[in-house]
Amino acid sequence: RKMLDRTGETLRRLTLADFTHPDDLQRERRLLDEIRTGERENYRLEKRYLRPDGSILWVDSSVSPIRDQDRRIVSFVGVVYDVTERKEAELALSDSRQKLRALAAHQMRMLEEDRKHVAREIHDELGQLLTALKMDLSLLRMGTADKPELQDRLA
(Lines give C-alpha, C1' and ligand atoms only; values in the text may rest on other atoms or scores of the structure.)
Protein backbone atom coordinates (compact mmCIF):
# COMPACT_ATOMS: atom_id res chain seq x y z
CA ARG A 1 0.00 0.00 0.00
CA LYS A 2 2.78 2.40 0.94
CA MET A 3 4.82 1.76 -2.22
CA LEU A 4 1.84 2.28 -4.50
CA ASP A 5 0.40 5.13 -2.42
CA ARG A 6 -3.03 3.45 -2.29
CA THR A 7 -5.30 2.17 0.43
CA GLY A 8 -5.85 -1.54 1.03
CA GLU A 9 -9.49 -1.14 -0.01
CA THR A 10 -8.46 0.49 -3.29
CA LEU A 11 -5.87 -2.21 -4.00
CA ARG A 12 -8.43 -5.00 -3.42
CA ARG A 13 -10.63 -3.49 -6.15
CA LEU A 14 -7.78 -3.14 -8.67
CA THR A 15 -6.44 -5.72 -11.06
CA LEU A 16 -2.81 -6.15 -12.04
CA ALA A 17 -3.51 -4.20 -15.22
CA ASP A 18 -4.72 -1.19 -13.23
CA PHE A 19 -1.32 -0.41 -11.73
CA THR A 20 1.22 -2.26 -13.91
CA HIS A 21 2.96 -0.18 -16.55
CA PRO A 22 1.41 -1.01 -19.96
CA ASP A 23 4.81 -1.93 -21.45
CA ASP A 24 5.32 -4.59 -18.75
CA LEU A 25 1.81 -6.02 -18.61
CA GLN A 26 2.00 -8.44 -21.55
CA ARG A 27 5.20 -10.05 -20.26
CA GLU A 28 3.69 -10.56 -16.81
CA ARG A 29 0.46 -11.98 -18.23
CA ARG A 30 2.53 -14.44 -20.25
CA LEU A 31 4.37 -15.55 -17.10
CA LEU A 32 1.09 -15.96 -15.20
CA ASP A 33 -0.30 -18.04 -18.07
CA GLU A 34 2.80 -20.25 -17.91
CA ILE A 35 2.08 -20.88 -14.22
CA ARG A 36 -1.57 -21.66 -14.99
CA THR A 37 -0.59 -24.16 -17.71
CA GLY A 38 2.07 -25.79 -15.53
CA GLU A 39 5.03 -24.67 -17.69
CA ARG A 40 6.44 -22.77 -14.73
CA GLU A 41 6.15 -22.99 -10.94
CA ASN A 42 6.81 -19.30 -10.22
CA TYR A 43 8.53 -16.26 -11.66
CA ARG A 44 10.61 -13.26 -10.75
CA LEU A 45 10.93 -10.09 -12.78
CA GLU A 46 11.67 -6.41 -12.63
CA LYS A 47 8.76 -4.30 -13.73
CA ARG A 48 7.14 -0.92 -13.30
CA TYR A 49 4.09 0.02 -11.29
CA LEU A 50 2.21 3.26 -11.81
CA ARG A 51 1.34 5.38 -8.82
CA PRO A 52 -1.85 7.51 -8.76
CA ASP A 53 0.23 10.64 -9.46
CA GLY A 54 1.64 9.01 -12.63
CA SER A 55 5.13 8.44 -11.20
CA ILE A 56 6.85 5.13 -11.86
CA LEU A 57 7.86 2.66 -9.17
CA TRP A 58 10.39 0.02 -10.27
CA VAL A 59 9.96 -3.27 -8.39
CA ASP A 60 11.58 -6.67 -8.18
CA SER A 61 8.58 -8.99 -8.03
CA SER A 62 8.46 -12.70 -7.18
CA VAL A 63 5.15 -14.50 -7.73
CA SER A 64 4.08 -18.02 -6.77
CA PRO A 65 0.68 -19.73 -6.95
CA ILE A 66 -1.30 -20.90 -3.95
CA ARG A 67 -2.94 -24.25 -4.73
CA ASP A 68 -5.68 -26.27 -3.05
CA GLN A 69 -5.42 -29.99 -2.26
CA ASP A 70 -6.40 -30.79 -5.87
CA ARG A 71 -3.45 -28.67 -7.16
CA ARG A 72 -5.82 -26.02 -8.55
CA ILE A 73 -4.63 -22.45 -8.28
CA VAL A 74 -6.79 -20.54 -5.81
CA SER A 75 -4.66 -17.40 -5.53
CA PHE A 76 -1.19 -15.97 -5.95
CA VAL A 77 1.29 -14.64 -3.45
CA GLY A 78 3.83 -12.03 -4.41
CA VAL A 79 6.85 -10.48 -2.77
CA VAL A 80 7.68 -7.03 -4.09
CA TYR A 81 10.79 -4.94 -3.41
CA ASP A 82 11.15 -1.29 -4.39
CA VAL A 83 14.23 -1.06 -6.63
CA THR A 84 13.43 2.38 -8.09
CA GLU A 85 16.61 4.05 -6.88
CA ARG A 86 18.87 1.30 -8.26
CA LYS A 87 16.95 1.09 -11.54
CA GLU A 88 17.07 4.86 -12.07
CA ALA A 89 20.83 4.77 -11.41
CA GLU A 90 21.22 1.93 -13.95
CA LEU A 91 19.18 3.82 -16.53
CA ALA A 92 21.18 7.02 -15.93
CA LEU A 93 24.43 5.07 -16.27
CA SER A 94 23.21 3.44 -19.48
CA ASP A 95 22.17 6.82 -20.87
CA SER A 96 25.54 8.28 -19.90
CA ARG A 97 27.38 5.42 -21.62
CA GLN A 98 25.30 5.87 -24.76
CA LYS A 99 26.07 9.60 -24.81
CA LEU A 100 29.76 8.85 -24.24
CA ARG A 101 29.78 6.41 -27.18
CA ALA A 102 28.09 9.03 -29.37
CA LEU A 103 30.62 11.65 -28.29
CA ALA A 104 33.54 9.29 -29.00
CA ALA A 105 32.12 8.52 -32.45
CA HIS A 106 31.70 12.25 -33.12
CA GLN A 107 35.28 12.91 -32.04
CA MET A 108 36.53 10.14 -34.34
CA ARG A 109 34.60 11.65 -37.26
CA MET A 110 36.02 15.11 -36.49
CA LEU A 111 39.55 13.71 -36.21
CA GLU A 112 39.16 11.94 -39.55
CA GLU A 113 37.87 15.14 -41.16
CA ASP A 114 40.85 17.05 -39.74
CA ARG A 115 43.24 14.42 -41.10
CA LYS A 116 41.65 14.65 -44.54
CA HIS A 117 41.83 18.45 -44.42
CA VAL A 118 45.53 18.40 -43.43
CA ALA A 119 46.29 15.80 -46.11
CA ARG A 120 44.55 17.95 -48.73
CA GLU A 121 46.43 21.05 -47.59
CA ILE A 122 49.77 19.23 -47.70
CA HIS A 123 48.96 17.75 -51.09
CA ASP A 124 47.86 21.08 -52.56
CA GLU A 125 50.79 23.05 -51.14
CA LEU A 126 53.34 20.42 -52.10
CA GLY A 127 51.83 20.22 -55.59
CA GLN A 128 52.13 23.99 -55.99
CA LEU A 129 55.74 23.97 -54.77
CA LEU A 130 56.70 21.12 -57.10
CA THR A 131 55.02 22.87 -60.05
CA ALA A 132 56.91 26.10 -59.24
CA LEU A 133 60.18 24.16 -58.93
CA LYS A 134 59.58 22.47 -62.27
CA MET A 135 58.95 25.85 -63.90
CA ASP A 136 62.13 27.28 -62.31
CA LEU A 137 64.14 24.31 -63.60
CA SER A 138 62.72 24.81 -67.08
CA LEU A 139 63.70 28.48 -66.99
CA LEU A 140 67.19 27.57 -65.77
CA ARG A 141 67.60 25.09 -68.61
CA MET A 142 66.59 27.71 -71.14
CA GLY A 143 68.93 30.25 -69.54
CA THR A 144 71.90 27.86 -69.42
CA ALA A 145 71.55 26.23 -72.81
CA ASP A 146 75.13 27.24 -73.63
CA LYS A 147 76.61 25.56 -70.50
CA PRO A 148 76.49 21.75 -70.88
CA GLU A 149 77.84 21.01 -67.35
CA LEU A 150 74.88 22.92 -65.82
CA GLN A 151 72.46 21.19 -68.21
CA ASP A 152 73.57 17.80 -66.90
CA ARG A 153 73.05 18.89 -63.30
CA LEU A 154 69.62 20.38 -64.11
CA ALA A 155 68.57 17.17 -65.83
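A salt bridge is counted here where a side-chain nitrogen of Lys or Arg lies within 4 Å of a carboxyl oxygen of Asp or Glu. The structure is a predicted model, in which local features need pLDDT of at least 70 and side-chain atom pairs count only at pLDDT 80 or more, while totals for chains, interfaces and linings use all residues. Residues are numbered from 1 along each chain as its sequence is written, and side-chain values use heavy atoms, with hydrogens and water left out.

**View 1. Salt bridges of arginine 72.** Arginine 72 forms a salt bridge with aspartate 68, with 3.2 Å between the closest N and O atoms. A salt bridge also joins the side chains of arginine 72 and aspartate 70 (3.2 Å, N to O). Aspartate 70 has a relative accessible area of 49% and is partly exposed; buried means under 20%, exposed over 50%, and partly exposed in between (1.4 Å probe, protein chains only).

View 2. Helices (H or I, at least four residues) and strands (E, at least two) are DSSP runs, numbered from the N terminus. Helix α3 holds both aspartate 24 and arginine 27, three residues apart, about one turn of the helix. Their side chains meet in a salt bridge (3.8 Å, N to O). Aspartate 24 counts as buried because its relative accessibility is 5%, whereas arginine 27, at 32%, counts as partly exposed.

**View 3. The largest pocket.** A pocket is an open set of points on a 1 Å grid over the protein atoms alone, where a 1.4 Å probe fits, with protein on both sides within 12 Å along at least five of seven lines; lining residues have an atom within 4 Å of a point. The largest pocket holds about 500 Å³ of space, a volume being the space filled by probe spheres set on the points. It is lined by 23 residues, of which Leu16, Phe19, Tyr49, Val63 and Gly78 are the closest to its centre. Two or more lining residues come from each of α1 (8-13), α2 (16-19), α3 (22-36), β1 (43-50), β2 (56-67) and β3 (73-82). Strand β3 gives the most, with five residues. The lining divides into 15 nonpolar, three polar and five charged residues; Ala, Val, Leu, Ile, Met, Phe, Trp, Tyr, Cys and Pro count as nonpolar, Asp, Glu, Lys and Arg as charged, and the others, Gly among them, as polar.

**View 4. A nonpolar surface patch.** Val118, Ile122, Leu126, Leu130 and Leu133 make a nonpolar surface patch of about 470 Å². Such a patch is made of residues with over 30% relative accessible area and no salt bridge, the nonpolar side chains (Val, Leu, Ile, Met, Phe, Trp, Tyr) being joined within 5 Å. Areas come from the Shrake-Rupley method with a 1.4 Å probe. Isoleucine 122 is found in helix α4 (residues 84-143) and is exposed, with a relative accessible area of 52%.

View 5. Most residues other than glycine have a negative phi. Aspartate 5, in the segment before α1, has a positive phi near 55° and counts as exposed at 57% relative accessibility. Arginine 71, in the loop between β2 and β3, has a positive phi near 70° and is exposed, with a relative accessible area of 51%.

Methods: Patch = residues over 30% accessible without salt bridge, like charges linked within 9 Å, V, L, I, M, F, W, Y side chains within 5 Å.
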